[in-house]
Amino acid sequence: MEIGVFEAIAVFLSIAISMAIIVPFEGTLVRFRANYNPKGLQLDAEGGAQPHTGPVIQSYFGMMRRVYNIEGWSGLYKGFMPTFLSTAFVTGLIIVFMDTPRPSHGKYRAPEASVLGTLFYTIVMMLLSLPTTIITFRAITTPIKLPWFNPAKALRVLLTPTERRQPWILYLTPGLLATQFAQIAIVVLGLGPLRRLLLPSRGSVFFTEVSYSKLGIYLIILSLTTIFITPLEVIATRLAIQRNHSSSEYNSVSQEIVGDSEEQTEFAGTDEDVIGLRNEEDPYIGLVDCAKRILEEEGWKALYRAWWITVLGTFGTVA
């Protein structure tokens, strides 16, 4: 479709306004799920047992309060620029190639199509957005204050030398693609056909054509899928912030001997970190390994952090 200059400005201005509202909540969610909070003793370099000394945050809003108390408003808006730029880019692609004035910004929403068409669309959008998702999650969780208008400097902080030399390695982050594909399979191959079977099409007058008994069944199924989707979202967050390294003496995600400490930048003005992060020298090596270690080290509740947000998100796909 053709779109004028003023229409384009209005679209991107609306994106900026919506991001100003959404980013603090999404940033809190990412930090809450990324926070490493082992329940047992940890071993130090000499093999001695040491209690965990990182922050213990039990709730989503407790995390939001902690971010504000330590880093202020600037901390709540960490990740704004990569979120805005990636959303604007994807929106531009949809406007140009999908011929629709109202592109969807949802994580799993796709135009009405066959199951295979929706699957193809969702996978393509996931692959396009994966690098920016990784960068955004790392920008949110880093304790370092990043410049808003100096992307080169920010990327030197967020990406390892290996990732800067070989950016395609982001797609090889252990377990991340498998986690994303699992989420897509549940939503597109599972919930998609069920929605078509039980509910009227989105182009219809929903509340006049819907069968409320079928709607109730669908909502129950949506709620049950939270059991599977929420752990996948937590695992995806953990894997996305896990940086890729390369060394002949270590595996592909272990700490490099040199390189990562060459770039220095100032911290966010406090000696206290908002969240605790897992040691990069002992990385997760895949989807199953990540789930297993979270269960062993932090307990099953860590896999269901902010589950209610996942429920609200899936309910948003009903109408």
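This is a predicted model: local features need pLDDT of at least 70, side-chain atom pairs count only at pLDDT 80 or more; totals for chains, interfaces and linings use all residues.
Helix packing was examined for H7 and H9. Helix H7 (residues 176–198) packs with helix H9 (residues 212–240) at an angle of about 170°, and the axes are 9 Å apart. The two helices are therefore roughly antiparallel, since angles over 145 degrees are assigned to that class. The contact of H7 with H9 comprises 19 nonpolar, four polar and three charged residues.

Eight aromatic pairs are found in a search of the whole structure. One of them joins phenylalanine 80 and phenylalanine 84, whose ring centres are 6.2 Å apart; the planes lie at 5°, so this pair is stacked. Both residues are in helix H3 (residues 80–97), and because they are four residues apart, about one helical turn separates them. Phenylalanine 80 is buried at 12% relative accessibility, and phenylalanine 84 is also buried, at 19%. Together with Tyr77 and Trp148, Phe80 and Phe84 make up one aromatic cluster.

Charged groups over aromatic rings were also identified. The charged end of arginine 278 sits over the ring of tyrosine 284, at 4.5 Å from the ring centre. Arginine 305 lies over the face of phenylalanine 32, with a distance of 5.7 Å to the centre of the ring.

Terms used: Residues are numbered from 1 along each chain as its sequence is written. Side-chain values use heavy atoms; hydrogens and water are left out. Axes are lines fitted to C-alpha atoms, for helices over the stretch in contact, and angles run from 0 to 180 degrees between N-to-C directions. Angles under 35 degrees count as roughly parallel, over 145 as roughly antiparallel, 65 to 115 as roughly perpendicular and the rest as oblique. Ala, Val, Leu, Ile, Met, Phe, Trp, Tyr, Cys and Pro count as nonpolar, Asp, Glu, Lys and Arg as charged, and the others, Gly among them, as polar. Rings of Phe, Tyr and Trp (its six-membered ring) pair if their centres lie within 6.5 Å; planes under 30 degrees apart count as stacked, over 60 as edge-to-face and the rest as tilted. Buried means under 20% relative accessible area, exposed over 50%, partly exposed in between (1.4 Å probe, protein chains only). A charge sits over a ring if NZ of Lys or CZ of Arg is within 6 Å of the ring centre and within 35 degrees of the ring normal.
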